[in-house]
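Try each task on your own before reading its solution.

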Amino acid sequence: MTEEVKNDGQRSSAFVVSPQKRKMQKLAKNAGETLLLGIASFVAIVVLFIFYFVAVDAIPYFQLRGFTEFFTSTGWYPAGEPGEFGALAIIYGSAMVTFGSALLAVPMGIAAAVCLSDILPFSVRQYAKPIIEMLAAIPSVAFGFFALVILAPLLQSNGGPLLMWTWWVLAAPFLLLAVIVAADLLSARFAREENRRKMALLLQSLFGILAVLVLYVVGTKLNAIEIITGTNALNVSIILSFMALPTIVSVAEDALQSVGRELREGSYALGATRAETLLKTVLPAASSGILAAVILGIMRALGETMVVWMASGNSSHIPDPWFNYLEAVRTLTATIAGDMGEADQVTGSARYHVLFAMGLLLLVISFFSNLVSERIVVRQRKILSGQ
Amino acid sequence: MNLGTRKILDNSFTAVGMGSIVVMALALLVVLTPIVYNGVGAVFFTGTIEHRTMLYKEYGRGDSKTIEAQSATADRYRGEAYRMLSGFEAEMEGMTPEASREYRSKYAPVRAAMSSLLGPLPGDPQPMLTRFQYGQTRWEKAEEKLHDILYEKKWDYSDPTVMAKEFYVPRAEAFAGTKLAPLFGYVDKHLADMMQPQFTFYWGFFTDRSLDAHIFGGIWPEIQGTFFLAIGAMLFAFPLGVIAAVYFTEYAKEGFFTSILRSANSTLAGVPSIVFGLFGLAFFINTMKVSESKSVLAGSLTLAIMILPTIIRAAEEAILSVPKTYKEASLGLGSTKWNTIATVILPAALPGIITGGIISLGRAAGETAPIIFTAAVSVGSAIGIADVFSSPTPALSWNIYNLASEHEMASEIRHVQYGMVLSLVSIVLLLNLSAILLRAKISQKLKG
């Protein structure tokens, strides 16, 4: 072999590498890999920098004013002399709209994810996925514009009837289902075999009348509500829920798909219906992944700026009563965005640093929830792969 | 539970799932329909002679002869109205002081509304602001002004338990018997003659500079600013992201350090966008001093950091989806690792990487919060390519906020706002659509 190569000197130089050249190659390889590593660690450096630079501007605030006022007072008068920097109402506002949007987005998101992963045939799924992607792609400022210019006036002028119709459309089917199930369960428990049908019918009509009454009474109550301002926590919660939905759906769908076929087939083999299989087997198996989806969705809502800035009303107070979603609120993100222009940017003023304190708060919350959701996903993957 | 109930529950479970997908589709429709409908109205609308005059005077566009002819016709009809106004003003001079004072206070809003409809009235000094130099440029606005002229808005406070209701009283009654009385009927009848409405295709909306804070003109500075910012962000983030993805997929050894890098990536993806803005302000502007104050450069850098995790993830996925056999074949032929990556893996993964890049480009174009403190100004002209290092720029996303929430005449220029929202949404959605199509093509190709 070596003889042959030596005979043909022209070709041999391509295959035989001199020690010197090999050294050079190794050097180049190492240098290249170090460069790659450096660029890949860039992300970690950026994360460190973000923490450092936000914290450096946040700490002077706490040095100047301490912790108690920021977390316990509701007086937010940053322009006053001396200023008041109680962020409790603002933190509460953030929590309120985030909770409201989660209340809408989580059930819908999980239902949609289940539907996408287990129910819809592939041909329909192909069209459903781009819808969700488009919903995720619409810029937040466009959602904010919609909330401010279209939804807010609508809520203000027709809030009551709108609430009533939503209640009817949403609650009627669920109440109907509850009536059927309750009648079935009760008659199975208390009636003898031959009377069950009659008993069930009787109970159904009884509960049915009750349900219609509930629907009607609550509906008229809602209809009578007059919404003073359309830019309120409800408006923002609705819009935020649609912004959080795509995140929840896609992450939850991944979690559901990672649950193996065997579990599903086992459940079907035991005679469970599809809903029972999904509810009692697949969802519990995927529960940690779904939790991660919910956390990520909630973070999306908490970190959103433009919608809440434009459409939450920006009034810094805790609503009265505390669960009143029809009042204007103010959130952390909107306060940072709105007050930075007015805060004089010379470092040293509490007014400037308090906004960084809020940013730091958001950053810490998002960091920990990310960490938790990541841990959850990793653990689930391990469990499902049987390690 | 009996079988029938279980079947009903099963079906309703399916219905709930499909219902939520339908709700999402409806939400998309409900949000997009008014934006598209009204946004198109910014470009296609019924324009008045004022619009054509404005375009001719400010942008030198249009056929001067036609405009002059139409102007002359409009002025003939307007002259009659102007005569009625001046006639009534003369009439007021001769009244008793009390009557004169009373009429004057009622007459002022009529005169203001007429001036807003037709532009400066004869005898008025030439206004300083462009917005007062022309009348209503859009026919539907002209009709609104007509309503202001004809009716006076009043509030009904009679029932203290409910919110006050508005109602309208015809102004003609208040001026019955004076020389102004016929004006209302005249304006109502000859509005079209005075305004010369005509279907207008105002393509300049996308390419014109704005006049007097967007009251007239187009949105070119915003569109250009958005492109500068998004493309600037891509210039930084795309190479970095692709190289980092190559490292993660081909070189990184699973271990503590790599797992830290990975969780740094997902942490960065989860940072709220407004915090990126704060960071950009504190780091790029206050510490690094990449520019005196806000600049396109600082904004692009901030956006680049924001979209970096998305690019890395998409590139990683694309690289991982390249069949292993490609790599093995290349290595088997004696090529080095780096050579394999550069000549086999990256070209095969390129469509997927580009898909991720396109989606990130859309995200960078649509984001507002990171550029508030780093790059965006509310009013400004288009900047040259040389100014990107030093000067801030208007951008679609920021100006939508600004025009809708902070502009002093926000409700008068809804059409401009809708036009901007439509431009931004279509830029972003078209980018996403092309990414979706590209991806569909890739998956077809991979299937063979």
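Predicted model: local features only at pLDDT ≥ 70, side-chain atom pairs only at ≥ 80, totals over all residues.

**Exercise 1.** Work out how domain 1 and domain 2 of chain B meet.

Solution. 
- Start with the bounds: domain 1 of chain B covers 48-201 and domain 2 covers 220-447.
- Next, take the centres over C-alpha atoms, which sit 50 Å apart.
- Now look at the contacts: four residues of domain 1 of chain B touch five residues of domain 2 of chain B.
- Finally, the area: about 430 Å² is buried between the two domains of chain B, with 42% of it from carbon and sulfur atoms. On the domain 1 side, R131(B), R138(B) and K141(B) lose the most area, together 82% of what that side buries.

**Exercise 2.** Find the salt bridge between the two domains of chain B, and decide whether each partner is buried or exposed.

Solution. 
- The count between these domains is one salt bridge, and by class the domain 1 side that touches domain 2 has four charged residues, with no polar and no nonpolar ones.
- The pair is R131(B) with E408(B), at 3.5 Å from N to O.
- R131(B) has 13% relative accessibility, so it counts as buried, being under 20%.
- E408(B) comes out at 62%, so it counts as exposed, being over 50%.

Technical notes: Residues numbered from 1 in each chain as written. Chains lettered and ligands numbered in written order. Heavy atoms only, no water. Domains from an automatic or database assignment. Contact = heavy atoms within 4.5 Å. Buried area = accessible area lost by both parts, 1.4 Å probe. Salt bridge = Lys/Arg side-chain N within 4 Å of Asp/Glu carboxyl O. Nonpolar A, V, L, I, M, F, W, Y, C, P; charged D, E, K, R; others polar. Buried < 20%, exposed > 50% of the residue type's maximum accessible area, 1.4 Å probe, protein only.
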